[in-house]
Amino acid sequence: MVIRIRKPYVIAEKGDHKFVWLGLDEVEAERGILTNQYLIVDSDEGILIDPGGQYVFERVYKNVSNFVQPENVKAVFFSHQDPDVVGSLIMISDFFPNASIYVSSLWIRFLPHLGVITGVDMVEIPDEGLNIRVGNAILKAIPAHFLHSPGNFSLYDPIVRVLFSGDIGAAVFPEGVWYLFVDDFREHVKYMEAFHRRYIPTKRAIELWLKRVGELDIDVIAPQHGAIFVGENARKLLEWLRSLDAVGVDAMGEV
Ligand SMILES: [Fe+2]
Ligand SMILES: [Fe+2]
């Protein structure tokens, strides 16, 4: 495999506000599923989104440091409890000493099993969601329960109209395929389909989320795996999710 290091990319910006994709080293695919991490910076303060596991942390930390002082990272957002989201938790307090960690109230008591995290400010996100202030920006944790985790949130940035969707819209690329932005939506579906049909337990969860995000102005949808949806492709993703006939228990049948 050709090892490719991808540099961070500013997806959207307005004044001193930036929404950043935190780069990638394609060799990471040999260790586990590829993950996207994001950073929002506003007025020199940052929020790190789904930082990922231990083996990506060095890359994440280095790339965060290019945009904001690590001590000015005031928040870390965990969309849910999976290892590809929370795996680096024990490093976070050392490297981002002033960050509060935001996670679903369902998962907060499970996280100490990852290691000693005393002295870290852990903030429960209630089922109905939460506003998170970073710099002068107010970001919105939007309920996305059962997509796929039972305590799960998307994060909406109203300043640049970017929705971090977590595992919703996730794509799993085969070896040799990678791109940052979706170009041909129809072609991209084949990398999303299996994940959504198996990991999302019920269509009802999709319908509830679509109703919530339908009230938002969205220019970009940025998932935790795979490629980013801009403009028309963001709208196509929502349509595709609406069109999924059976997921989870209804798609799986007996094994
Ligand atoms: Fe997950
Ligand atoms: Fe994930």
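The legends below describe close-up views of a predicted model.

Local features are given where pLDDT is at least 70 and side-chain atom pairs where it is 80 or more, while totals for chains, interfaces and linings use all residues. Residues are numbered from 1 along each chain as its sequence is written, chains are lettered from A and ligands numbered from 1 in the order in which they are written, and side-chain values use heavy atoms, leaving out hydrogens and water.

**View 1. The iron ion (ligand 1) and its protein donors.** His80 (NE2), Asp82 (OD), His148 (NE2) and Asp167 (OD) coordinate the iron ion (ligand 1) at 2.0 to 2.2 Å. Donors are N, O and S atoms within 2.8 Å of the metal (3.2 Å for Na, K and Ca); water is not among the atoms, so sites may look incomplete. Along the chain, the donors of this ion follow the spacing H-x1-D-x65-H-x18-D. The arrangement of the four donor atoms is irregular because they subtend angles of 87 to 174°. Four donors count as tetrahedral if all angles lie between 85 and 135 degrees; four count as square planar and six as octahedral if opposite donors are over 155 degrees apart and all others between 65 and 115; anything else is irregular. His80 is buried, at a relative accessible area of 1%, and Asp82 also counts as buried, at 18%. Buried means under 20% relative accessible area, exposed over 50%, and partly exposed in between (1.4 Å probe, protein chains only).

**View 2. The iron ion (ligand 2) and the bridging residue Asp167.** The protein donors here are Asp84 (OD), Asp167 (OD), Gln224 (OE1) and His225 (NE2), which lie 2.1 to 2.3 Å from the iron ion (ligand 2). Angles of 81 to 170° between the four donor atoms make this arrangement irregular. In sequence, the donor residues are spaced D-x82-D-x56-Q-H. Asp167 bridges the iron ion (ligand 2) and the iron ion (ligand 1), and the two ions lie 3.5 Å apart. Asp84 lies in helix H2 (residues 83-86), and Asp167 in the loop between strand E13 (162-166) and helix H4 (185-199), so the pair ties together parts that are 83 residues apart in sequence. Helices (H or I, at least four residues) and strands (E, at least two) are DSSP runs, numbered from the N terminus. Asp84 and Asp167 are both buried.

**View 3. An open sheet of six strands.** The strand order is E10-E11-E12-E13-E14-E15, and the pairing is mixed. Strand E10 (130-134) and strand E15 (229-230) stand at the edges with a single partner strand each, so one side of each has no neighbour in the sheet. Two strands pair if DSSP finds at least two bridges between them. E10 and strand E11 (residues 137-143) run antiparallel and are joined by five bridges. Ile132 has Leu139 in E11 as its bridge partner, and Val134 has Ala137 in E11. E10 and E11 form a hairpin with two residues between them, and Gly135 in the turn has a positive phi of about 60°. E11 also pairs with strand E12 (residues 153-157), in the antiparallel sense and over four bridges. There, Lys140 has Tyr156 in E12 as its bridge partner. Five of the seven residues of E11 are buried, so this strand is largely enclosed by the rest of the structure.

**View 4. The largest pocket.** This pocket has a volume of about 210 Å³. On a 1 Å grid over the protein atoms alone, a pocket is an open set of points with protein on both sides within 12 Å along at least five of seven lines, and lining residues have an atom within 4 Å of a point. Grid points are joined across faces, edges and corners, and a volume is the space filled by probe spheres set on the points. The lining has 17 residues, of which Ala29, Leu34, Phe173, Pro174 and Glu175 lie nearest the centre. By class, 10 are nonpolar, four polar and three charged. Ala, Val, Leu, Ile, Met, Phe, Trp, Tyr, Cys and Pro count as nonpolar, Asp, Glu, Lys and Arg as charged, and the others, Gly among them, as polar.

**View 5. The second largest pocket.** About 180 Å³ of space lies in this pocket. Its lining includes Asp25, Glu28, Arg31 and Lys62. Helix H1 (residues 54-65) gives the most to the lining, with six residues. Three lining residues are nonpolar, one is polar and six are charged.

Technical notes:
1 Å grid on protein atoms, 1.4 Å probe; cavity = no way out; pocket = protein on both sides within 12 Å on 5 of 7 lines; lining within 4 Å.
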